Structure formats: structure tokens, C-alpha cells
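Try each task before reading its solution.

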Amino acid sequence: MDNTAPFQSFLQVLPPVDFACVYGSSLHPTKHDKTTMIDYILGVSDPKQWHSENLKLNKHHYASWMVHLGGERLITDVADRIGVGVHFNAFVNWNGKVHIVVDNLDISNINSDNLRAALSASLLLLPSEFTEADLYAKVCSLSYMGDVRMLFAEDKNKVKKIVTGQFDLFHTMYKPFLEEYEAKKFLKLSSTVNDQIQVSQDCDLSVSCSLVSALPPSIRSQMCMKQGGDMKSSQTGRIINDTKIRSREGDANCLQRILRRKVMVSSARQAISGLLAVGGVNATRYVANKVNKAWKSWR
């Protein structure tokens, strides 16, 4: 978003960060399920040093047991060894509507690769014809596929609500990549009566191979091992995974299993790390809020 001024005041209470973005339903007025929660992601090059400085400025951001038993060392160890490299704080109070991003790490370019990879994975998992809404629902579901929290602590309609409330944002983000793939003849776009895009994709194995090549290296490597592909070295000495695609359906099933396991393991680790990081009282309060919200969605 363009308006960075409101967010600068929030950053002033923290040590300097290299990256910051804000998300949450309250930032999207078109979203039907509004809450007061705003989520922040902060990125720093030296987490231990950053937490050391933040402990001096904002000791209340941390569970008391972490502060007394190990300080910044324990905080980073819990995040790295139990979690997935992320320290989680719940219920850190801040007044004011925050909107924006600080980016000194060129995350925007990295994000382009992520968007292309998410689109490619979703196309592999979708049938030959689908709607624009179907595509965005599949993209969104990648983050929750296998997530342990979806079993008891998340709204069962979460993906649908996210897509419905932020449809225009999805459209803006993915339109350039859809047009790129249309130009490559991977798919065909056509407008429907309500101005949504209807998508028809080429399910030929050569297209599937191109979609797989756009996936992250770690995913391609796992697919290569599971499907009997070859590991080759390029002229620069870099290892290249030559994934053998025997059928699109088999490829999609393999990808789905890999993503499900990856999300399941990382979500479980981060859930445990997050509960340790926020302390007993806040952990109970946080889980209770999530379970209550999930329960309401099933009623």
C-alpha cells in the first residue's frame, strides 16, 4: 500500500528493521469477517541482536520466563530450533490503523517468484477448466493444506472468506502472471457475464513440465526423488533436478502430498514455538479465541 506514514510511528517504538509488512482482516474493509486483529511481519538480518535491543525497549513483548531464563539467546533458539525461524508475539498492543511495508531486502522481487510459483502449483492442482475464483481459492488453500490448526483452531470457511473479501487484491496480484502464462499458451482466458475470468488450461505434459520448473527448488527436489528423476550438474556446478513427469495427475498428487506434509510439519513446529513464546496466560487466551472462532464456523 502507498500510505506509509501511519506505520512509521509504530516502527519508532522498535529497533530498526529491514522489512515490515502488515496484514489482517481489519485492513480490508470489503472483507465480511472483520476483527480487531492486525498482524505484522518484521524481518531483520540479525535476530539475536534485534531481540537484545528490543528487550531493553519493550521487555513486555516477551514471555517473562524467556526474559529471565535466557533472554535474546533463548528467544532465538526457540524460534529456530522448535519453530521455523519466526518469533511469535500475541496481544502486543498498538493504537492506530497501520497499513504498510518497509523493504530494504528487495522482498518485492522475491515475492514475484513466490506468486509465480503459487500460480504454477495451483494450476497443476486444478482441472482443465475453472473460474478465477476457483484459482484464487486454490492459491489461498496452499497455505492451509495440512495445517494442524485447521483441525481445531481455524474457521472452516477461512479460505472462502479470504478470497471473497480480497478478490480485487488477488486479481491485481495475479493478473500479470495469468497474462504471462496466456502468452506462453499455457492457458486461455475469457470473460464471463459477471466480468470474472474463465480459465481453460493446456494439460499437456510439456506444459506440466514448465509449471513444475517454476516451483521452488526444494519442492522440485522432493518431487524428483519421489518420482525417480535425475540429479544433474550444470556447467556452473549447480545441481539441477530433472523431474520425470509421467502423468499430470500423478504429478499433481505428488505435489499435493509434498505440500501437505511441508505445511503440517512447519505449522506444528510454529504452533509449539508460538505458544512457548507468548507464555501460559496469553497462550491460553490466544488458543481459546481461535477455538471459539472455529467452533462458531461449524455451528
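A word before starting: this is a predicted model.

**Exercise 1. The cover of α2**

Task: Find which residues of helix α2 (residues 47–57) are buried, and what covers them.

Solution: 
- Step 1. Go through the helix residue by residue: Trp50, His51, Ser52, Asn54 and Leu55 are buried.
- Step 2. Look at what packs over these positions. The cover includes strand β2 (39–43) as well as α3 (64–69) and α4 (71–82).

**Exercise 2. Helix α6 and the largest core**

Task: Work out which residues of α6 (residues 132–141) are buried, and which residues touch the most other members of the largest nonpolar core.

Solution: 
- Step 1. The buried residues of α6 are Glu132, Leu135, Tyr136, Val139, Cys140 and Ser141.
- Step 2. Their cover includes the helices α5 (107–125), α7 (158–165) and α8 (167–183), along with β4 (129–131) and β6 (197–201).
- Step 3. Now turn to the core. It has 41 residues, and Leu135 and Leu255 touch the most other members. The element that gives the most to this core is α5, with seven residues.
- Step 4. List the neighbours of Leu135, leaving out residues up to four places away in sequence: Leu119, Ser122, Leu123, Leu126, Phe130 and Leu178.

**Exercise 3. Aromatic pairs around Tyr174**

Task: How many aromatic pairs does the structure hold, and is the pair of Tyr136 and Tyr174 stacked, tilted or edge-to-face?

Solution: 
- Step 1. There are five aromatic pairs in the structure.
- Step 2. For Tyr136 and Tyr174, the ring centres are 6.2 Å apart and the planes make an angle of 35 degrees, a tilted pair. Stacking would need planes under 30 degrees apart, and edge-to-face over 60.
- Step 3. Compare with Phe170 and Tyr174. Here the centres lie 6.5 Å apart with 15 degrees between the planes, and the pair is stacked. Both residues belong to helix α8, four residues apart, about one turn of the helix.
- Step 4. Check burial against the cut-off of under 20% relative accessible area. Phe170 counts as buried because its relative accessibility is 10%. Tyr174 counts as buried because its value is 3%. Tyr136 is buried too.

**Exercise 4. Salt bridges along and beyond a helix**

Task: How many salt bridges does a search of the whole structure find, and which residues do shared partners join into one network?

Solution: 
- Step 1. The search finds five salt bridges.
- Step 2. In one of them, the side chains of Asp77 and Arg73 meet at 3.5 Å, N to O. Both lie in helix α4, four residues apart.
- Step 3. Recall the geometry: an α-helix has 3.6 residues a turn, so residues three or four places apart point the same way.
- Step 4. Asp77 is partly exposed at 21%, and Arg73 is partly exposed at 43%.
- Step 5. Asp113 and Arg116 form another bridge, with the closest N and O atoms 3.7 Å apart. They are three residues apart in helix α5. Asp113 is partly exposed at 47%, and so is Arg116 at 24%.
- Step 6. Lys184 bridges to Glu180 at 3.3 Å between the closest N and O atoms. Lys184 is partly exposed at 46%.
- Step 7. Bridges that share partners join Asp113, Arg116, Glu180 and Lys184 into one network.

**Exercise 5. A nonpolar patch**

Task: Which residues form a nonpolar patch on the surface, and which elements give two or more residues to it?

Solution: 
- Step 1. The patch consists of Trp65, Leu69, Ile82, Ile272 and Leu276, with about 430 Å² of accessible area together.
- Step 2. The elements giving two or more residues are α3 and α11 (248–278).
- Step 3. Take Trp65, found in helix α3. Trp65 counts as partly exposed because its relative accessibility is 31%.

Note on methods: Residues numbered from 1 in each chain as written. Predicted model: local features only at pLDDT ≥ 70, side-chain atom pairs only at ≥ 80, totals over all residues. Heavy atoms only, no water. Buried < 20%, exposed > 50% of the residue type's maximum accessible area, 1.4 Å probe, protein only. Contact = heavy atoms within 4.5 Å. Phe/Tyr/Trp six-rings, centres within 6.5 Å; stacked < 30°, edge-to-face > 60°. Salt bridge = Lys/Arg side-chain N within 4 Å of Asp/Glu carboxyl O. Core = buried A, V, L, I, M, F, W, Y, C linked by side-chain atoms within 4.5 Å. Patch = residues over 30% accessible without salt bridge, like charges linked within 9 Å, V, L, I, M, F, W, Y side chains within 5 Å. Areas by Shrake-Rupley, 256 points an atom, 1.4 Å probe, with all protein chains shown as cover.
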